[in-house]
Amino acid sequence: MAEKDSRRQHELWPDTVKVIACILVVLGHFTQSMVKSGFITASAPYEWFQLTVYSFHVPLFFICSGYLYQKYSHVNSVNAWWFNIRKKAVSLGVPYFVFTLLTLVMKAFAGNLANSAELGPLQTLLFHPASPYWFLYTLFFVFLFTPTAWSSLAMVAMLVFSFSLKLIHAIGGGGLRCRM
């Protein structure tokens, strides 16, 4: 019993890092809206700030999510993997689908007051996530393809595979795009 309690002891640092990442997201979006509204002009410091914030906050979220996933998810069998996937489908999938559908409904009624969806709802939900919810979509697939009990060789293979996908995307072959 004591082992289970110590394993579930709350760590403060992931929460602190997530708060910092959330503040960076808010600052990044705020400064973008200030430029788009014409309140401030896009300058070299603004461009530097945007580049810094947007290259830093998303990796922070993935690091925290991955750390907590590795710490608390012990997937060492196919049954444990299926259980974990069902759990992630609920914890990530339900908010993703609910908020994406609400966004699509609001965009349908807002007309030209909002960015209109170029794709149908099914395409948006399954293949081209709405931009505010791409993180939930991507995180689910990271959890789907990254079990916690892999050997070192399997982890190296996954890193090579991930790097290859990033390289394909970087040279223009990526098909996953956020819409709206």
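**Close-up views of a helical chain**

View 1. The model is predicted: local features need pLDDT of at least 70, side-chain atom pairs count only at pLDDT 80 or more, and totals for chains, interfaces and linings use all residues. Residues are numbered from 1 along each chain as its sequence is written, and side-chain values use heavy atoms, with hydrogens and water left out. Accessible areas follow the Shrake-Rupley method with a 1.4 Å probe; for residues, only the protein chains shown count as cover.

View 2. Helix α4 (residues 78-110) holds Val90. Helices are DSSP runs (H or I, at least four residues), and strands are too (E, at least two), numbered from the N terminus. Val90 counts as exposed because its relative accessible area is 55%. The classes are buried (under 20%), exposed (over 50%) and partly exposed in between, with a 1.4 Å probe and protein chains only.

**View 3. Gln50 and Gly28.** Gln50 sits in helix α3 (residues 44-72). Its relative accessibility is 7%, so Gln50 is buried. A polar atom of the Gln50 side chain lies 3.3 Å from the backbone oxygen of Gly28. Beyond residues up to four places away in sequence, Gln50 touches Gly28, Thr31 and Gln32. Contact means heavy atoms within 4.5 Å.

**View 4. Cys64 and Trp13.** Cys64 is also placed in helix α3. Cys64 is buried because its relative accessible area is 1%. Trp13 is 51 residues from Cys64 in sequence, yet their C-alpha atoms are 9.0 Å apart. Neighbours within four places aside, Cys64 contacts Trp13, Pro14, Val17 and Lys18.

**View 5. The whole chain, for context.** The chain has seven helices and zero strands. Of its 180 residues, 27% count as buried. Among contacts with a separation of 6 or more, 75% join residues 24 or more positions apart. The accessible surface of the chain is about 12300 Å², and carbon and sulfur atoms account for 72% of that area.

Notes: Polar contact = N/O pair within 3.5 Å; in protein donor to acceptor, adjacent residues only side chain to side chain.
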